[in-house]
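Me: Please take a close look at a single part of this model and show me how it sits against its surroundings. I would like one connected account that I can follow with the structure open beside me.

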Amino acid sequence: MAEQPLQKLAVASKDGISINLHFGHSDTFWIYTVSGKEIALLEKREVDKYCHGHTGSQSAMQKILATINDCTAVFSAKIGDGPTEKLRKIGVFAVSDYAYEAVEESLLAYVNDR
């Protein structure tokens with residue numbers, strides 16, 4: 001089996017333990033590098049929350065896109081169609097399949113199942 005390439009993945013999490021935040025409610029994205037069975041927390045990147053009830057801050061969205069544009073994917077508990085499309089346009093996959101699951105196990109499963 002070929003070695004998995006290193007991927008940089010962003011996570012919307014309150015605590016870094018589980019994927020437990022809605023994309024638009026996150027003010028911090030935890031950035032991990034993952035390759036095969038190796039995972040490491042690289043850094044935490046702070047942003048302004050995008051979602052404010054039924055409205056979204058476009059300037060906050062632009063900052064989020066710029067902040068995580070070097071990541072392969074972003075994991076959140078939930079994400080709307082609008083943000084998903086904006087992420088897709090910059091080459092970042094929106095992943096909500098692992099909502100409320102453990103961060104490290106979820107990221108490893110995602111990378112190794114692809």
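Reply: The part to look at is helix α3, whose buried residues are covered by elements that include β1, β2, β3, β6 and β7. Please keep in mind throughout that this is a predicted model.

The residues of α3 that are buried are V103, S106, L107, Y110 and V111. These residues lie on the same side of α3, because the arc that they cover around the axis is only 125°. An α-helix has 3.6 residues a turn, so residues three or four places apart point the same way. On the other side of α3, by contrast, E105 and D113 are exposed.

The covering strands belong to an open sheet of 5 strands, which are arranged in the order β3-β2-β1-β6-β7 with mixed pairing. Its edge strands, each of which pairs on one side only, are β3 (38–46) and β7 (93–95). Averaged over the sheet and with direction ignored, neighbouring strands are turned by 25° against each other. Helix α3, which spans residues 103–113, packs on this sheet and touches β1, β2, β3, β6 (73–75) and β7, while its direction makes about 140° with that of β1.

Both kinds of pairing can be followed from β1. With β2, strand β1 pairs in the antiparallel sense over 6 bridges, and A12 stands opposite F29 in β2. With β6, in turn, β1 runs parallel and is joined by 3 bridges, F75 in β6 being the bridge partner of V11. Strand β1 is itself mostly covered, since 5 of its 6 residues are buried.

With 6.5 Å between ring centres as the limit, the count comes to 3 aromatic pairs. One of them joins F75 and Y98 in a tilted arrangement, with 5.9 Å centre to centre and 45° between the planes. Because F75 lies in strand β6 and Y98 in the loop between β7 and α3, this pair ties together parts that are 23 residues apart in sequence. Both partners are buried: F75 has a relative accessible area of 0%, and Y98 has one of 15%. F75 also forms an edge-to-face pair with Y110, at 5.0 Å centre to centre and with 85° between the planes. This pair links distant parts of the chain, with F75 in strand β6 and Y110 in helix α3, 35 residues apart. Y110 is buried, as is F75, and ring pairs link F75, Y98 and Y110 into a cluster.

S18 is found in the loop between β1 (7–12) and β2 (28–35). With a relative accessible area of 16%, S18 counts as buried, and its side chain makes a polar contact of 3.1 Å with the side chain of N20.

For comparison, helix α1 (residues 58–68) has A60, M61, I64, L65, T67 and I68 buried. Their arc of only 165° around the axis puts them on the same side of α1, while S59 and A66 are exposed on the other side. The cover over the buried residues of α1 includes β1, β2, β3 and β6, together with helix α2 (81–89).

Note on methods: Residues are numbered from 1 along each chain as its sequence is written. This is a predicted model: local features need pLDDT of at least 70, side-chain atom pairs count only at pLDDT 80 or more; totals for chains, interfaces and linings use all residues. Side-chain values use heavy atoms; hydrogens and water are left out. Helices (H or I, at least four residues) and strands (E, at least two) are DSSP runs, numbered from the N terminus. Buried means under 20% relative accessible area, exposed over 50%, partly exposed in between (1.4 Å probe, protein chains only). A polar contact is a pair of N or O atoms within 3.5 Å; within protein, one must be able to donate a hydrogen and the other to accept it, and residues adjacent in sequence count only if both atoms are side-chain atoms. Two strands pair if DSSP finds at least two bridges between them. Axes are lines fitted to C-alpha atoms, for helices over the stretch in contact, and angles run from 0 to 180 degrees between N-to-C directions. Contact means heavy atoms within 4.5 Å. The arc is that of the directions from the helix axis to the C-beta atoms. Rings of Phe, Tyr and Trp (its six-membered ring) pair if their centres lie within 6.5 Å; planes under 30 degrees apart count as stacked, over 60 as edge-to-face and the rest as tilted.
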